[in-house]
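Open the model in your viewer and keep the selection tool ready. The stops below go one element at a time.

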Amino acid sequence: MTASSTRTIRLGAGAGYSGDRIEPAIELAREGQLDYLVFECLAERTIALAQLERLHDPERGYDPLLAERMRGVLPYLRGGPGRRPFRILTNMGAANPRAAAREVCRIARELGLQGLKVAAVTGDDVAEQLRGNDHERPDIGLTPAELGERLVSANAYMGAAGLVEALRAGADVVITGRVADPSLFVAPQIAEFGWSPQDWPRIGRATLVGHLLECAGQVTGGYFADPGYKDVQDLARLGFPIAEVDADGHAVITKVAGSGGCVTPQTCAEQLIYEVHDPRAYLTPDVTADFSAVHFESNGPDRVAARGASGTARPANVKVSVGYRDGYIGEGQMSYGGPGALARAQLAREIVLARLALTGVQVSELRADLLGVDALYGPALALAGEPWEVRLRVAGRCASREQAQRIGREVEALYTNGPAGGGGASQSTREVVAVASLLWPAERVQAQVHLEEVV
């Protein structure tokens with residue numbers, strides 16, 4: 001549908017990452033008077049891990065909180081007294097958007113939402129295009145052919161086109177996998193206002209909106225907060241952001257009245273520079289956005305006008321995230337407290353490192369840190385004075401799970417074989433799915449829309 005030139009639409013950010021809180025999204029659905037609610041939940045490593053999950057179960061591989069989120073917000077989707085209906089866009093499909101769409105349909109049937117249209121947008125999975133390729137080199141220097149069976153996934157960053165197609169087909173809920181984060185917010189603006197996908201200045205402004213909202217609570221004061229320097233009120237009830245956008249892509253950033261946090265020019269400015277390498281050329285699959293002239297103006301309490309973005313033609317290539325198996329990490333931890341805690345923790349570290357060498361544990365990387373003392377900044381800036389509690393953490397990367405498990409066992413053995421007073425031991429082993437990147441021709445990435453209706 002195409003809105004009139006005077007219409008303003010309201011976009012809400014329901015999540016900024018996979019494990020984000022659910023209550024602020026329900027608050028947006030219930031009180032935000034939204035036209036669109038967007039859940040941005042997909043990190044680069046997330047989708048590689050989801051691909052592994054799908055290999056074990058063809059009906060999995062989507063966001064683990066999908067069902068809980070949908071049960072929380074779908075009851076409000078069609079509006080009600082004093083509430084307008086809204087639509088949902090999300091990348092919670094991760095490695096399996098079609099299975100995610102089927103799960104949403106199942107939940108909608110449980111809730112009695114007959115006639116609901118759910119679209120899955122696929123096309124980002126380019127693993128088969130890359131598998132065996134001996135020309136392209138991800139940033140680790142190995143070709144896909146050299147990675148061989150270690151290659152788990154290859155997902156291209158799609159743009160808004162497939163999402164727009166799904167919205168124009170009447171989808172109430174649109175689920176996709178790897179799209180660029182701002183594209184989830186760009187798509188409803190194109191669909192509502194009828195813009196050409198080559199209207200670069202407007203697409204640049206739409207991308208600014210998406211970039212400001214994509215991390216949800218970061219722009220409403222969450223990651224901004226720093227006590228005594230940048231105080232933010234009521235962070236326990238942090239509200240997630242809303243963008244009021246007009247037909248030219250100009251926006252006001254706000255939040256639900258009475259929710260915690262704040263929206264100020266400062267919170268917006270910090271989010272603006274988040275993960276932006278070149279503000280004159282922020283590369284996305286939709287546009288080369290220009291944020292160099294962006295400015296923010298307070299437009300009332302918790303209302304900030306965002307102006308000055310533009311854009312030029314989109315890049316010819318898109319980024320592809322390549323997930324590959326990269327060994328196992330074994331970890332063990334042990335705590336020491338009271339007088340002499342630091343000396344006992346240091347001795348414990350020496351013992352574990354010596355034991356790993358004596359027993360021939362094969363590690364390619366190894367760290368042994370004293371949390372709270374030297375884990376972040378190293379021995380040069382280690383804590384001065386005597387701490388009352390120290391936690392030893394030893395972690396190493398190994399080629400096999402069996403080798404990695406030996407690291408945690410050596411730390412746990414400190415209970416009876418190490419310095420006095422150790423406690424709270426823990427150990428874990430996990431497979432490492434690493435991520436590398438390469439560029440791929442955009443024309444080789446084609447979105448497909450699969451539409452289902454709840455009956």
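Start with Val118, which stands opposite Glu452 in strand 18. This is a predicted model: local features need pLDDT of at least 70, side-chain atom pairs count only at pLDDT 80 or more, and totals for chains, interfaces and linings use all residues. Residues are numbered from 1 along each chain as its sequence is written, and side-chain values use heavy atoms, with hydrogens and water left out.

Five of its six residues are buried, so strand 4 is largely enclosed by the rest of the structure. Buried means under 20% relative accessible area, exposed over 50%, and partly exposed in between, with a 1.4 Å probe and protein chains only.

Two strands pair if DSSP finds at least two bridges between them.

Move to the open sheet of three strands, order 9-10-13, with antiparallel pairing. Strand 9 (282–283) and strand 13 (310–312) are the edges, each pairing on one side only. Strand 10 (residues 288–290) meets strand 9 over two antiparallel bridges. Select Tyr282 to find its bridge partner in strand 10, Ala289.

Last, go to Leu366 in strand 15, residues 365–371. Leu366 is partly exposed, at 37% relative accessible area.

Definitions and conventions:
Helix = DSSP H or I, 4+ residues; strand = E, 2+ residues; numbered from the N terminus.
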